[in-house]
Amino acid sequence: TQHGIAAKFSIARIGNSFAYVSKNNRGDATIVQMEGYIPKRISTHAVENSLEGQTISDAVAWSYQLEGHEFYVTSFPSLNLTWAYDSTTQMWHKWLYWNNGSYERHRGNCQALFQGMVLVGDYANGNIYEVDTTNYTDNGQNTRRLRRCPHLVTDLQRQYFSELQIQ
């Protein structure tokens, strides 16, 4: 294989395999999951574009499972950015923390399963938090969400909608 590990702490178990931040002999930054001895690309163009030409060697990763979904989470301290991959849906999202009016990388730097709880260690202050789908705060601060969608066009013409329903 021509994919090497670009960040030594980006390796984390996911499913029956492991994933890591990779670079190949052409310098492309991708995130791959091993299928046997073969790395399979799991990152999308959006993820790769955010990493291209950036410092990625300091990436750290961890994984966890919650409600039947297994996640690979990798943070890039130099970029102040965290990407999370849901292996069940095969979808990516940025997992960011709202701090004093701006987004920054997620606070989690490591993970452990203890007495049925998914616990995450904070990189900045050493606090331990529980990942919980019924809690909508980050250390007591309301979690802020930003949802973006791709541009909607038909035959390169803008589309207009009179109403929007979000589920």
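Where is Asn 80 found? In this predicted model, Asn 80 sits in the loop between strand S7 (69-76) and strand S8 (81-86). Its phi is positive, about 55°, although Asn 80 is not a glycine. The relative accessibility of Asn 80 is 35%, so this residue counts as partly exposed.

A positive phi is also found at Asn 139, again in a residue other than glycine. The value is near 55°. Asn 139 belongs to the loop between strand S15 (137-138) and strand S16 (141-142). Asn 139 counts as exposed because its relative accessibility, 53%, is over the 50% cut-off.

Strand S8 pairs with strand S9 (residues 91-94). The two strands run antiparallel and are joined by four bridges. Within this pairing, Ala 84 stands opposite His 93 of S9. S8 and S9 form a hairpin with four residues between the strands. In that hairpin, Gln 90 takes a positive phi near 60°.

Terms used. Residues numbered from 1 in each chain as written. Predicted model: local features only at pLDDT ≥ 70, side-chain atom pairs only at ≥ 80, totals over all residues. Heavy atoms only, no water. Buried < 20%, exposed > 50% of the residue type's maximum accessible area, 1.4 Å probe, protein only. Pairing = 2+ DSSP bridges.
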